[in-house]
Amino acid sequence: MTTSNALTGDDLGSASQRERRRRILDATIDLASSGGFDAVQMRGVADRADVALGTLYRYFPSKIHLLVSALSVELERTEEILSTRSLEGDTAADRVIEILKLVSRGLQGDPHLTEALTRAFMFADASVQTEIHRVGLLMTSMLARAMHPESPAADQLSDDDIAIARVIGDVWLSALVAWVTGRSTARETAGQIEVAVRLLLRD
């Protein structure tokens, strides 16, 4: 771990440390849900999570670290839900579109939170590379599982599969940014994502 990165779950050796990190992220999500990006302030997060401000900075050096890590939490929750259900669709494109619709609907149902998480991802720089990488891995894992439900293990995916999943994830994030910034409606966003997925996953 470097001083520029947040403490991840793998860095935390005790249950109390992991619980403290969970409280911090839950507090971040609660504040973002109530007021968006501007509502998340480090002092407010520390107070709500019942931790000292210095402790918060040790776990998360900045607000951007906090919010990008919170995006990982939201994607992990979605992945857990998806792991318990069968994806509908006869083709890889159909299944990928279903996953992206589920993720997008969940985020669009909480516009303040989505605005905060998306803006943080847009503002992230090299100091947040560990958290950005985690988000990318989660998206790639979900999309690759949809593309090849018969072989969901990451080590069974080809380089082409991983590359396609990453491109689709980038398209999805770009469409989400357009929705958050008011440049497209939810329906337009869904349409843009579907067109891109079908072009990339032509049979």
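Me: Taking contact to mean heavy atoms within 4.5 Å, what covers the buried residues of α7?
Reply: The cover over the buried residues of α7 includes α4, α5, α6 and α8, where helices (H or I, at least four residues) and strands (E, at least two) are DSSP runs numbered from the N terminus. Buried stands for under 20% relative accessible area, exposed for over 50%, and partly exposed for what falls in between, with a 1.4 Å probe and protein chains only.

Me: What kind of model is this?
Reply: This is a predicted model, in which local features need pLDDT of at least 70 and side-chain atom pairs count only at pLDDT 80 or more, while totals for chains, interfaces and linings use all residues. Residues are numbered from 1 along each chain as its sequence is written, and side-chain values use heavy atoms, with hydrogens and water left out.

Me: Back to α7, then: which residues in it are buried?
Reply: The buried set is Glu 131, Val 135, Leu 138, Met 139, Thr 140, Met 142, Leu 143, Ala 144, Ala 146 and Met 147. As for its length, the 19 residues of α7 should span 27 Å at 1.5 Å a residue, and the end C-alpha atoms are 26 Å apart, which agrees; the expected span is 1.5 Å times one less than the number of residues.

Me: How many residues does the largest nonpolar core have?
Reply: That core has 57 residues, a nonpolar core being a set of buried Ala, Val, Leu, Ile, Met, Phe, Trp, Tyr and Cys residues joined through side-chain atoms within 4.5 Å. Helix α4 (residues 63-82) gives the most to this core, with 9 residues. Ile 24, Leu 56, Val 96, Leu 100, Trp 172 and Val 197 have the most contacts inside the core.

Me: And what does Val 96 touch?
Reply: Leaving aside residues up to four places away in sequence, Val 96 touches Leu 143, Ala 146, Met 147, Ile 168, Val 197 and Leu 201.

Me: Ok, on to α9. Where do its buried residues fall?
Reply: Thr 189, Ile 193, Ala 196 and Val 197 are buried in α9. Viewed down the helix axis, the buried residues of α9 fall within an arc of 100°, so they line one face of the helix; the arc is that of the directions from the helix axis to the C-beta atoms. The buried residues of α9 pack against α5 (92-108) and α8 (159-180), whereas the face turned away from the buried side carries the exposed residues Arg 187 and Val 195.

Me: Is Ile 193 buried or exposed, and what does it touch?
Reply: Ile 193 is buried, with a relative accessible area of 7%. Not counting residues up to four places away in sequence, Ile 193 touches Leu 100, Ser 104, Trp 172 and Ala 175. The C-alpha atoms of Ile 193 and Trp 172 are separated by 6.1 Å, although these residues are 21 apart along the chain.

Me: Switching to charges, how many salt bridges are there?
Reply: The count comes to 9 salt bridges, where a salt bridge is a side-chain nitrogen of Lys or Arg within 4 Å of a carboxyl oxygen of Asp or Glu. One of them joins Asp 26 and Arg 77, with the closest N and O atoms 3.2 Å apart. Asp 26 lies in helix α1 and Arg 77 in helix α4, so this pair ties together parts that are 51 residues apart in sequence.

Me: Which helices does the Glu 76 and Arg 134 pair link?
Reply: Glu 76 and Arg 134 form a salt bridge with their closest N and O atoms 3.0 Å apart. The pair links distant parts of the chain, since Glu 76 is in helix α4 and Arg 134 in helix α7 (residues 129-147), 58 residues apart.

Key:
Contact = heavy atoms within 4.5 Å.
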